[in-house]
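Here is a short report on one protein chain. Please keep the sequence and the 3D view open while reading.

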Amino acid sequence: MAVPQQPGPPVGPIGEPAAPVVCVRHPDRQTALRCSRCERPACPDCLREAAVGYQCVDCVKEGQRGTRRWQSSMPAPARSTRRPVVVPTLVGLNVAVYALTAIAAGSPINNYNSQLFAELVLWPSYTATGSWWQVVTSGFLHYGPLHIAMNMFALWVIGRDLELVLGRWRFTAIYLLSLLGGSASVMLFGNPDGPVAGASGAVFGLMGAVLVVAIRLKLNPSSVIGMIAINLVLSFAIPGISVLGHLGGLVTGALVAALMVYAPRDRRLVWQLGATAAVLVVLVALLTVRSAQLASALV
């Protein structure tokens, strides 16, 4: 998420992962996942649920055939979800909204100079007085082509494997709740008269989720921790970045992911749905209380 600064539109950069890593069996596929036994990189199609974490098909064949199959709180996704669907849909939606604002402003560079952008951006004082939709719509707005390009690249790189591991509805819930968590953080602690926009709050939520999933699968989380640390440093160091939006998204994404992947084995789906609903209720309650406070201060 970013806030406008002078001169020119701000950009909320998201750090790129280290050098691309490819699956040992499919060199044409980049992946952030590894076998928990041999630690070789593997794409979701080459990973199987094993006694400890997820193992590549080669290690599974070499493993003990008599070992009882481990049932994780985060099962491998069904074959129908082997290709990401939510991530390209989100990218397309963000690009479509950017195109609409660019058309409304008559400029792809200064797309934020339009009435449409002003109505959709998160502006806490206006949001509190009735424009409640801004807590969601602001997460699909971007200041200029570089801002959206960097956020969409990050969403594509980070989100593809995470969607395949978690499944579509879990991934969607984490993304949207992280977006809402970033907006709630801005509403609670940010400048009431400072407009904020960008998908990076939700992307930071995905980073938090990747860290939780890596720990749950007993993978080495050092690269994920490094990625998060670099992006947090950039958030604090570069003017025009909504640090509150990034932190709110990061915490929310990690929390929701933890509630999902550490859900008890019994009645797992009920637990995951209930936990997701509970986080949503808490965020809505915080936004409602804060909006009432801001509205009364404007009277």
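## Model

The structure is a predicted model. Every value here is computed from its atoms.

Two of them involve Asp58. Its side chain meets that of Arg25 in a salt bridge, with N to O at 3.1 Å. It also meets the side chain of Arg40, with N to O at 2.9 Å. Through shared partners, Arg25, Arg40 and Asp58 are joined into one network.

What do these contacts tie together? Asp58 lies in helix H1, while Arg25 sits in the segment before strand E1 (47–49), so the pair links parts 33 residues apart in sequence. Arg40 also lies in the segment before E1, so its bridge to Asp58 in helix H1 links parts 18 residues apart in sequence. Asp58 is partly exposed, with a relative accessible area of 23%. Arg25 is partly exposed at 42%. Arg40 is partly exposed at 32%.

## The Asp45–Arg29 bridge

Asp45 and Arg29 form another salt bridge, with N to O at 2.8 Å. Both residues lie in the segment before E1, so the pair ties together parts that are 16 residues apart in sequence. Is Asp45 buried or partly exposed? Asp45 counts as partly exposed, at 24% relative accessibility. Arg29 is partly exposed as well, at 30%.

## Cysteines and Val57

How many disulfides does a search of the whole structure find? The search finds 0. Cys38 is in no disulfide, and its nearest cysteine sulfur, that of Cys35, is 3.7 Å away. Cys38 is partly exposed, at 30% relative accessibility.

Cys43 is in no disulfide either; the sulfur of Cys46 is the nearest cysteine sulfur, at 3.7 Å. Cys43 is buried, with 2% relative accessibility.

Cys35 also has a spatial relation to helix H1. Val57 and Cys35 are 22 residues apart in sequence, and their C-alpha atoms are 9.0 Å apart in space. Val57 is found in helix H1, which covers residues 57–62. Val57 is buried, with a relative accessible area of 12%.

## Aromatic pairs

A search of the whole structure finds 4 aromatic pairs. One of them joins Phe117 and Tyr143. The pair is tilted, with 5.1 Å centre to centre and 50 degrees between the planes. Phe117 lies in helix H3 (residues 115–120), and Tyr143 lies in the loop between helix H5 (134–137) and helix H6 (144–166), so the pair ties together parts 26 residues apart in sequence. Are Phe117 and Tyr143 buried or exposed? Both are buried. Tyr112, Phe117 and Tyr143 form one aromatic cluster.

Trp132 and Trp133 form an edge-to-face pair, 5.9 Å centre to centre with 75 degrees between the planes. Trp132 is exposed, with a relative accessible area of 61%. Trp133 is partly exposed, at 33% relative accessibility.

## Helix H8

Helix H8 spans residues 200–216 and has 17 residues. From first C-alpha to last it reaches 24 Å, close to the 24 Å expected at 1.5 Å a residue. How many of the H8 residues are buried? The number is 15 of the 17, so the helix is largely enclosed by the rest of the structure. H8 is followed by Lys218, with a positive phi near 60 degrees.

## Nonpolar patch

Which residues make the nonpolar surface patch of about 270 Å²? Trp169, Leu269 and Leu273 make the patch. Leu269 is placed in helix H11, residues 268–298. Leu269 is partly exposed, with a relative accessible area of 47%.

Note on methods. Residues are numbered from 1 along each chain as its sequence is written. This is a predicted model: local features need pLDDT of at least 70, side-chain atom pairs count only at pLDDT 80 or more; totals for chains, interfaces and linings use all residues. Side-chain values use heavy atoms; hydrogens and water are left out. Patches are made of residues with over 30% relative accessible area and no salt bridge: like charges are joined within 9 Å, nonpolar side chains (Val, Leu, Ile, Met, Phe, Trp, Tyr) within 5 Å. Accessible areas come from the Shrake-Rupley method with a 1.4 Å probe; for residues, only the protein chains shown count as cover. A salt bridge is a side-chain nitrogen of Lys or Arg within 4 Å of a carboxyl oxygen of Asp or Glu. Helices (H or I, at least four residues) and strands (E, at least two) are DSSP runs, numbered from the N terminus. Buried means under 20% relative accessible area, exposed over 50%, partly exposed in between (1.4 Å probe, protein chains only). The expected span of a helix is 1.5 Å times one less than its number of residues. Rings of Phe, Tyr and Trp (its six-membered ring) pair if their centres lie within 6.5 Å; planes under 30 degrees apart count as stacked, over 60 as edge-to-face and the rest as tilted. A disulfide is a pair of cysteine sulfur atoms within 2.5 Å.
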